[in-house]
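This report concerns a helix, one of its residues and a cavity. Please look at the sequence and the structure before reading on.

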Amino acid sequence: MSSLGYTASPVGGTPGADPRPRAHSEEDVTPGEIAVGVIIGRSSEYFDFFVFGIAAVLVFPSVFFPNFSQLNGTLLSFAVFSIAFVARPVGTAISMAIQRRWGRAAKMTVALFLLGVSTVGIAFLPGYDVLGRTAIWLLALFRFAQGLALGGSWDGLPSLLAMNAPSNRRGWYAMIGQLGAPLGFVLAAGLFAYLYSALSKAEFLSFGWRYPFYVAFAVNVVALFARLQLVLGQTYTQAMQERELEPVSVTRLIDEEGSHVAIGAFAALASFALFHLVTVFPLSWISLYSDQPITHVLGVQILGAFCAALAIVASGKLADSFGRRNTLGAMAVLIALFSLATPKLLSSGVTGNNIFIIVGFVLLGLSYGQSSGTVTANFSARYRYTGAALSTDMAWLVGAAFAPLVALGLSAKFGLIAVCLYLLSGAVCTLAALGINRALESRESAEAST
């Protein structure tokens, strides 16, 4: 055997130099390689979400709900926005069944096709003035299809990354995939800001708003093919099998370990509640009740997203020093305190709006950086793959899906105290879930010791 790690060729060639490397020299999956796949996948998903979310404020009230007031049109747009989050758990359940029967390649291909068709469908969809109510139903249908596709695109990479990360750096590796959120937002907000400033309002509402959806289609196609190349490789498949990261029936998961799904969903609720309240909601509130230019708001939010990215990186260091759950709990307390200042900030003009956005993004980065899979270790090995996917889906559904709709609707009627109460409730739920999880772990440890 040579020092390069090759064995002699059995059929000739250079002695001692078999062109086939040993499995461990090239086949091992490294955390760095997995992290790249996680960032690619999450960035494309978040870009798609934010494109629709920003369009729900700037475009859809005029294009699809022109017969309603600007407020009611925005609320209806937010209702359509939430449909994807309702569909995600359904997509996860269907995709797990497809993967069990036909394999991971079939599942990812179906997700790719469905996501592409639905996104392009929105890009080419005529408005209410052409199709009437049919346009609204088609928009809702395409949004539902996007949710199914995103639920079906779960690749298990975050779970594999967490399980392959060094034990003393799990907080660091956990935050890597979360960087896709600010990256996706910067791309979406930057594109809309450019189009909104470069075109007249009539041009923007006629055709300009469609370009981000064209870009979203292209980004998702490239990202999903990149993920396919990784997750369908022999190395990845073997690693998933060794870690028992294989799909199980969602019904069986809920029957056997449904409590872990619930705890997983509520443990990060403060982060998910804050998520759309600093990204989508401020744009709607300021556009309705302030004279601050839209491009200026988007610019401040882009700055906030860069701050969030730095905060996400910092969360990895904090989590490795103090523990992921302790970090998440501490951030929930800070979010609760921030919620108390929300009504004052959002009613104090441009300066208050900007402070709300920047501080909110920083808190979002610190908390969201550790929100992924904080309690997925509760799942037994055979349920972890599906459990992590469903817990994430339910966290989005409970915490983020209706946040813009509820916050804007209640704030318009009862004042900004509604935003305060919404964030406060999310923080309380996070602290309660983490407390329950700690109590269950203590009880299990006590039973094991006896």
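Which residues does Ser271 touch, not counting residues up to four places away in sequence? Ser271 touches Leu328, Ile335, Leu364, Ser367, Tyr368 and Ser371, where contact means heavy atoms within 4.5 Å.

The model is predicted: local features need pLDDT of at least 70, side-chain atom pairs count only at pLDDT 80 or more, and totals for chains, interfaces and linings use all residues. Residues are numbered from 1 along each chain as its sequence is written, and side-chain values use heavy atoms, with hydrogens and water left out.

Ser271 lies in helix α15; helices are DSSP runs (H or I, at least four residues) numbered from the N terminus. Ser271 counts as buried because its relative accessibility is 1%, buried being under 20% relative accessible area with a 1.4 Å probe and protein chains only.

Helix α15 also packs against helix α16. The values are as follows.

| Item | Value |
|---|---|
| Helix α15 | residues 269-279 |
| Helix α16 | residues 281-289 |
| Angle between α15 and α16 | about 40° |
| Distance between the axes of α15 and α16 | 3 Å |

Axes are lines fitted to C-alpha atoms over the stretch in contact, and angles run from 0 to 180 degrees between N-to-C directions. Helix α15 contributes His276, Leu277, Val278 and Thr279 to this contact, and α16 contributes Phe281, Pro282 and Leu283.

Helix α15 is also among the helices that each supply at least two residues to the lining of the second largest cavity. In that lining, α19 gives the most, with four residues. A cavity is a set of points on a 1 Å grid over the protein atoms alone where a 1.4 Å probe fits but cannot get out, and lining residues have an atom within 4 Å of a point.

Note on methods
Buried < 20%, exposed > 50% of the residue type's maximum accessible area, 1.4 Å probe, protein only.
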